[in-house]
Amino acid sequence: MTSRPHPSPATPRPLYDPATGEQFGTLPDTPAEQCAGIADRAAAAFPAWAGTAPRERAAHLRELAGRLRQDRDGLIERERRDAGKPVARIGGEVEFAARALEWFAGQTLQPAGEIHPGETGVRSYTDRIPLGVVAAIAPSNYPLLMASWKIAGALAHGNTVVVKPSPDTPRSVQALVGLADGILPPHVLSAVYGGAGTGRMLCELPQIAAVSFTGSTAAGRDVAARCAGSVKRVSLELGGKNPLIVFPDADLEAAAQATVEAFTGNTGQMCVGASRLVIHEHVHDAFVRRLLELTARRTIGPTDDPATDLGPLTTRAAQQRVHAAVEDAAGHGAKVHLPPGHDSLQPALPPTHTGGFYVTPVVLDDVPLTRPAWREELSGPVLSVTTFRTEAQALHLAHDTDYGLSASVWTTHAGRAEEFARRLRAGMVWVNTWGDTEEPVSVGGIGHSGYGRELGVRAADQYTHTRAVWIGTPHRPEPPQDPHPSVGRTHPGPLDADSARHDR
């Protein structure tokens with residue numbers, strides 16, 4: 001065995017509060033040799049964890065879910081400070097994370113194979129076995145929630161986990177791993193910290209058996225390429241440029257309210273967010289006016305204020321990207337609509353928050369279909385709008401993207417609803433609703449939105465191998481029969497004893 005060099009000191013990475021733009025702390029990247037050591041220890045812990053009784057694994061996951069709920073306030077504060085999430089919104093994410101842990105705890109006790117017909121003397125069945133060490137790479141938009149989905153699925157199926165949060169939002173995941181200490185056996189769940197370099201290292205470490213990644217499509221391509229050499233299992237939940245289609249027969253008020261949430265929720269930083277509105281030309285004008293009225297009701301403000309609906313973007317680079325895309329669209333003829341009461345992409349804020357990474361929600365009408373605002377994932381509160389006349393045009397515009405994560409269609413025509421649900425090329429399709437996600441339902445994308453599924457029973461495909469097993473059961477001849485069973489008998493058999501009792 002070759003010895004590794006002693007860990008080198010890591011440069012502290014600054015942590016910024018997106019609401020103010022101020023640095024409030026640092027967290028060093030995990031050095032390469034420490035990453036390898038953590039992976040080694042996770043690999044050493046794997047056989048015992050894989051061999052742990054399912055009911056015991058379930059008990060550990062349920063206890064961890066309880067600890068998340070107990071530390072709810074602390075997790076909310078970390079997410080607020082790291083990711084710029086308003087306090088009124090984070091509690092639901094903590095609860096969803098706990099529910100995911102509980103749901104996967106239940107999955108540990110579900111059947112995991114089938115018995116198959118076989119030849120005489122052979123029993124055949126399939127089962128599932130864990131992969132080994134899973135690297136879970138989580139994004140910045142839902143740091144705790146996405147990490148919990150991955151951790152819960154991997155641990156429930158008997159894997160050990162090394163989790164890497166986004167370098168911009170690490171502290172809620174750091175807290176989650178700390179809460180697991182003392183609940184899970186040592187090294188079953190560990191964390192490493194850093195940026196793209198740390199993620200690339202995990203992809204290339206031989207101790208890592210699988211990588212579950214959520215992030216941009218460009219980064220996902222790199223993950224897949226780096227894992228290919230060692231043939232690691234890879235799950236990618238990537239970007240989206242998702243359409244929301246509105247027909248004139250729809251419940252337009254319900255559709256407008258859903259659209260506002262779909263493009264401004266989490267300040268637009270949602271991979272499933274609807275950033276393209278495809279609307280029938282007969283209802284376009286009234287619908288856009290109503291959208292802007294409803295959007296104006298969303299309060300932009302400090303993240304520690306319970307009245308705040310929309311916080312900042314996570315980074316200054318994200319803020320600059322949104323500004324650039326809006327300016328580009330406007331320069332190519334798009335009409336820029338801000339909600340009533342706003343006259344700038346930079347919202348009016350208290351003096352303490354003018355340095356924050358805030359953006360006013362914006363509707364871009366008649367966007368040229370070649371511009372980034374229509375084609376690229378912006379991860380901000382920007383809605384690009386175009387119109388259609390026919391169903392064929394609506395479907396064509398919905399599919400005018402390489403992505404395929406989600407889509408939503410609004411119509412009261414039952415046949416049209418069924419037709420669009422069948423034909424829309426997206427991993428998640430909502431009809432007359434938007435955003436529904438539940439822990440028993442497996443979700444994920446197609447096309448440039450990735451492959452693999454989070455949550456639900458299909459998560460097992462990401463975290464287990466299926467095996468086919470044949471067990472030979474050769475025929476054993478019976479021992480030869482005694483032709484004179486009564487000869488030599490010295491004690492009565494059961495029937496004889498019975499007869500003797502009756503004779504008495």
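**Around Glu-237**

Guide: Setting aside neighbours within four places in sequence, Glu-237 is in contact with Phe-213, Thr-214, Gly-215, Cys-271, Leu-405 and Ser-449. Keep in mind that this is a predicted model.

Visitor: What makes Glu-237 count as buried?
Guide: Its relative accessibility is 9%. Buried means under 20%. The value falls under that cut-off, so Glu-237 counts as buried.

Visitor: Where does Glu-237 sit in the fold?
Guide: Glu-237 lies in strand β9.

Visitor: What does UniProt place at Glu-237?
Guide: The feature "active site", from an unreviewed entry. Such annotations may be inferred rather than shown by experiment.

Visitor: Which residues does UniProt give to the feature "domain: Aldehyde dehydrogenase"?
Guide: Residues 13-469, again in an unreviewed entry. Over residues 13-469 the chain is 40% helix and 21% strand. The end C-alpha atoms are 49 Å apart.

Visitor: How do you know that β8 and β9 pair?
Guide: Pairing takes at least two bridges. Five bridges join β8 (residues 208-214) to β9 (residues 233-237). The count meets the cut-off, so β8 and β9 pair. These two strands run parallel. Val-211 stands opposite Val-234 in β9.

Visitor: What is the order of strands in the open sheet?
Guide: The order is β7-β6-β5-β8-β9-β19, six strands with mixed pairing.

Visitor: Why are β7 and β19 called edge strands?
Guide: Strands β7 (189-191) and β19 (450-451) each pair on one side only.

Visitor: Which helix packs on the sheet and touches β5, β6, β7 and β8?
Guide: Helix α1 (residues 32-50) does. The direction of α1 makes about 150° with that of β6. Helix α5 (residues 143-156) also lies across β5, β6, β7 and β8. α5 runs at about 165° to β6.

Visitor: Which residues make the contact between α5 and α6?
Guide: From α5, they are Pro-143, Leu-144, Ala-147, Ser-148 and Ile-151. From α6, they are Ser-172, Val-173 and Leu-176.

Visitor: Is the crossing of α5 and α6 left-handed or right-handed?
Guide: α5 passes α6 in a right-handed crossing.

Notes:
Residues numbered from 1 in each chain as written. Predicted model: local features only at pLDDT ≥ 70, side-chain atom pairs only at ≥ 80, totals over all residues. Heavy atoms only, no water. Helix = DSSP H or I, 4+ residues; strand = E, 2+ residues; numbered from the N terminus. Contact = heavy atoms within 4.5 Å. Axes fitted to C-alpha atoms, helices over the stretch in contact; angles between N-to-C directions. Buried < 20%, exposed > 50% of the residue type's maximum accessible area, 1.4 Å probe, protein only. Left-handed = near helix turned anticlockwise from the far one by under 90°.
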